[in-house]
Amino acid sequence: MKNIFSYLREIFSNTPEPAPDPEELKASFKKRYGLFRGLLTANNNALQAMAELEKIYYSGESYRMAAVRSKVTAILVNVFKMIKNLREMSGGRYEELETIFENIGRELDAIFERRPQRSEGPPILPLKEITLKQWDQVGEKMANLGEVTVRTDLKVPPAFVITASATRRFLSAKVLAEINRRLQILDPDDFDSLFKTCEELRRIVRQTPLPADLEELIHLHYSRLEKETHRGVKVAMRSSALGEDSAGVSFAGLYNSILGVDKENLISAYKEVIAGKYGSKAIAYRRKRGYRHEDIEMCVGCMVMIDALQSGVTYSIDPSGEERDTIRINAVAGMARGVVDGTKATDLYLVSREKPHALVYSQLSRRRDGEASPATAASLTYGQIKRLAEAAMTLEEHFGAPQDIEWSFDAQGRLYILQSRAIPASFHQPETVSAEGGPAGEAPILFGGICASRGVACGKVRKIESTEQMQSFPQGAVLLVEHPLPEWAPLLGRASALIAAHGSEAGHLATVAREFAIPALVNLPEALTLLENGRTITVNAAARAIYEGCRDDLLRDDTVKRDVMAGSPVQRIVTEALQHITPLNLNDPASLQFKAKWCETLHDITRFCHEKSVSEMFNFGKEFNFHEGAAKRLVGKVPLEWWVIDLSDGFREGVDSSLPTVRVEDVVSLPMMAIWEGISAYPWEGPPRVSMRGFGSIIFQSTMRPDLDPAVPSNLTSRNYFLISRNFCNLSVRLGYHYAMIESYLSELLTENYVTFRFKGGAADLRRKAVRAKLLAEILQAWDFRIELRSDALLARVKKRPREYLEDRLRILGYLTLHARQLDMVMDDAHMVEHYKNKFMADIAAMLAGGDRRSTGEADNGHDQDTAGR
Amino acid sequence: MDTIKILLVDDEADFRDIMAAFFTRRKMACHTASCCLEALDLLGREQFDAVVMDVVMPGMDGLACMKEMHGVIPELPVIILTGNASLNTGIMSMKQGAFDFCLKPVDMQELFEKVLLAGEKRRAA
């Protein structure tokens, strides 16, 4: 604000030049005032978008790239407007702001558009030429299988991989741009539009023609598979995604595998698997975990189908075992899909990890259902179990981490490995929550099932039976399903817990539940009959127990960590981007560093533009000769000394502009009137009077605090100034050594409305300043201000609220501006500080409740939209 | 204030319908066009207070179209509305004279107020 005052000083000291034509002046002012208004609105929008960006970043919850992009774009667009308006107001000054802005924009663009660097290679690789080294060509899944083929004596069905390089040729930049455009538009919480968009995207992929040479190559490699096996051999087209390289992120079951593909369908099946990248569950999952769509690339494994007699899933360390000394095998007759889909009841075997791999436990599926189901029983022989155990240990040893393995036995009894990947770390760590000796309180209403993901959560039960019902699934409800199908995965982002009547912890949905860190209990058939929609329950998955109502005691003890975005590409992007956006280096307008060239971030630019735009409004007066009477002293029943400068229409019509004073009754500025009501609501009580000449001299002179040297000695700089128009008010107050500013715009458009309060301590010792700023922050927070407090610098804001609501906020600020100075005397006395805080709160409540114009002082009153248009 | 009259240019019919219903409900006169040429045609025949326009459209894109519009009516406020995710599109739009810029999915209330401001500016001009 120093600049404002120096301008004022010039106004008062310079010899007036001849005034231009009043009409011209009026038009010119109107234009400038319009730019000023636009700048203020842009300032608020930019600051709001920054606050929202920080909020989603620090919330610990998941956010998606499209939301981040929207916020950053909003910030850029508004900062651009501010610079443009300021330059127009100032006759083209501050050109360096444009350069700085351009540079920041370029940096942000580079951060946002950065693509993972991946090497190009052949479009097709046979599995037997693949090892882990080729992971960035073939995806993790197929790289692992290649490694098994080449480096171990375990058997993998013959296969080749259509690589990421091939995918890039298939889906050109143009096709991807169209796909990304549709994804940006999409609101992923709206399931109807999610499904619709997914269907469109898959259609785009299906209809995109495959380059002819690529199509020929696929047929060529297929015919080689035929030679290795037999003519017309059927293949499985399996997704193998690239970019899912974050620890603990498995992307299990999100993509399509197409089984039983024959020669005629090779190409359409290939496209279908590629299209699987845009399945609803995959999109929802990436969003939740912080992956951009371009972070993931699809590769496709084309693998000979095994005529499976038995299939299943092996964990080289049983994830639910407490001793960590057993291998877990889930098996079914036929193909493995039933295990991972959660649709088939499975046989369970627990085997010792130590040779000779003794069988320590077995449970056949028919016993679980209570009735025989011979069709699904795998009935592995001990010899088979032993071979599976040996294979599991071989793979664990080879890859150096516990493995999750899909396998099949064919009719000849040969064991084939279909997939092997690391079990997410969070899953095989030792149990920390004890299931023993349940907590005090009421007994569970339901007990049993399999814990598929640990944790405690509370919510209302919502049973989902069809995709149509997904749309209505409420945030925070407990998801109850019959089968844990992968199709329900998009709901896990909203659910507080999962309960399934069937399935095992090996299913995809269970895996996704673990990654989202929501508790999951599966294989609990009683849940379907016992739990009705809308009933509030608490699920303690580790204890395999469901309790009535919301059990805070259990929720408190929940130790499962939730940081679903940690380490993800989107989080990295936002972390980097924020460095160019939110840090504020330009804090003090009086500082020598408060210059355009010192702006480093978008926040700096907004601060700078705002400050200078206020100065420019004064400049106007300087250019066009506000005569000395421009700043008028406020007279009437007025405590202290206040000066008012009318920027436009802030005084009642017909007020004599030649007078050096103005009466309070002649002010028609809406925000100033509200502030004034706050200032005059209670008589001023302190500080002790040292002079009878006027209150003004007291507070501004150093007599109050003789230990400090006043930084701003002149009378002019220490005045309290209102800058007003009918809708606008900027009040700057020097409270001895500190500086406060209230600014507000009140109109009928919510988007323009705001109240801002800045407070900064002066030369006092930091602790005392901080105490005062903190006390003000606490009071304002109680009245719904958004607070930013850094040491002794306080920024409090409310915006986009109806006029009446904001007028109350201005009354509060007016009150505090006057009365908070009493605090200077007592800042060292904690008891007195508390006393004043209580007194202030009580005064404010009474002031807001007592107003004639207001029906009520309730903080929420202003939410009523109808009051905005009065 | 008289009824604000806006022109909505977007190639997606569903989106046009939703937006038109929204603005009509809020007592604005809303005309629609599915491409730039249609929009220019309408502008030649009738007066509008503001234009809300998509960027990616078949034929002339939104930014080129805005240039054409400003060639005829320099002070016409154009609000660019797009799903194009590049940050640059926003800045480009503003540089080329857009009144404001919104990314889809758009907050309807926010867009509504932008249109009000645009209308106000147009009438003040």
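These legends describe close-up views of a predicted model.

Local features here need pLDDT of at least 70, and side-chain atom pairs count only at pLDDT 80 or more, while totals for chains, interfaces and linings use all residues. Residues are numbered from 1 along each chain as its sequence is written, chains are lettered from A and ligands numbered from 1 in the order in which they are written, and side-chain values use heavy atoms, with hydrogens and water left out.

**View 1. Chain A as a whole.**
Chain A has 26 helices and 28 strands. Both are DSSP runs, numbered from the N terminus: helices are H or I with at least four residues, strands are E with at least two. Of the 870 residues in chain A, 58% are buried. Buried means under 20% relative accessible area, exposed means over 50%, and partly exposed lies in between (1.4 Å probe, protein chains only). Now take the contacts in chain A with a separation of 6 or more: 67% of them are between residues 24 or more positions apart. A contact means heavy atoms within 4.5 Å.

**View 2. Helices α25 and α26 of chain A pack together.**
Helix α25 covers residues 803–819 and helix α26 covers residues 830–850. Their axes are 10 Å apart, at an angle of about 140 degrees. That angle makes α25(A) oblique to α26(A). Axes are lines fitted to C-alpha atoms, for helices over the stretch in contact, and angles run from 0 to 180 degrees between N-to-C directions. Angles under 35 degrees count as roughly parallel, over 145 as roughly antiparallel, 65 to 115 as roughly perpendicular and the rest as oblique. The crossing of α25(A) and α26(A) is right-handed. Right-handed means that the near helix is turned clockwise from the far one by less than a right angle; anticlockwise is left-handed. From α25(A), the contact residues include A:Arg811, A:Tyr815 and A:His819. From α26(A), they include A:Phe840, A:Asp843 and A:Met847. By class, this contact of α25(A) with α26(A) has seven nonpolar, one polar and four charged residues. Ala, Val, Leu, Ile, Met, Phe, Trp, Tyr, Cys and Pro count as nonpolar; Asp, Glu, Lys and Arg count as charged; the others, Gly among them, are polar.

**View 3. Aromatic rings meet in pairs.**
Over all chains, the count comes to 15 aromatic pairs. Rings of Phe, Tyr and Trp (its six-membered ring) pair if their centres lie within 6.5 Å; planes under 30 degrees apart are stacked, over 60 edge-to-face, and the rest tilted. In one pair, A:Trp642 and A:Trp676 have ring centres 5.7 Å apart and planes at 85 degrees, so they sit edge-to-face. A:Trp642 lies in strand β21 and A:Trp676 in helix α22, so the pair ties together parts that are 34 residues apart in sequence. A:Trp642 is buried, at 0% relative accessibility. A:Trp676 is buried too, at 8%. The pair of A:Tyr815 and A:Phe840 is also edge-to-face, with centres 5.8 Å apart and planes at 85 degrees. A:Tyr815 is in helix α25 and A:Phe840 in helix α26 of chain A, so this pair ties together parts that are 25 residues apart in sequence. A:Tyr815 is buried, at 0%, and A:Phe840 is buried, at 0%. Ring pairs link A:Tyr682, A:Tyr815, A:Tyr836 and A:Phe840 into a cluster.

**View 4. Helix α3 of chain A meets helix α4 of chain B.**
The axes of α3(A), residues 65–89, and α4(B), residues 87–95, come within 9 Å and cross at roughly 25 degrees. The two helices are therefore roughly parallel to each other. The crossing of α3(A) and α4(B) is right-handed. Among the contact residues are A:Val72, A:Leu76 and A:Phe80 of α3(A) and B:Leu87, B:Ile91 and B:Met94 of α4(B). This contact of α3(A) with α4(B) has seven nonpolar, two polar and three charged residues.

**View 5. Backbone details in the loops.**
Most residues other than glycine have a negative phi, and most peptide bonds are trans. A cis peptide bond joins A:Lys355 and A:Pro356, with omega about 5 degrees. A:Pro356 is in the loop between β8 and β9 of chain A. A:Lys800 has a positive phi, near 50 degrees. A:Lys800 sits in the loop between β28 and α25 of chain A and is partly exposed, at 24%. B:Lys27 has a positive phi near 65 degrees. B:Lys27 lies in the loop between α1 and β2 of chain B and is exposed, at 66%.
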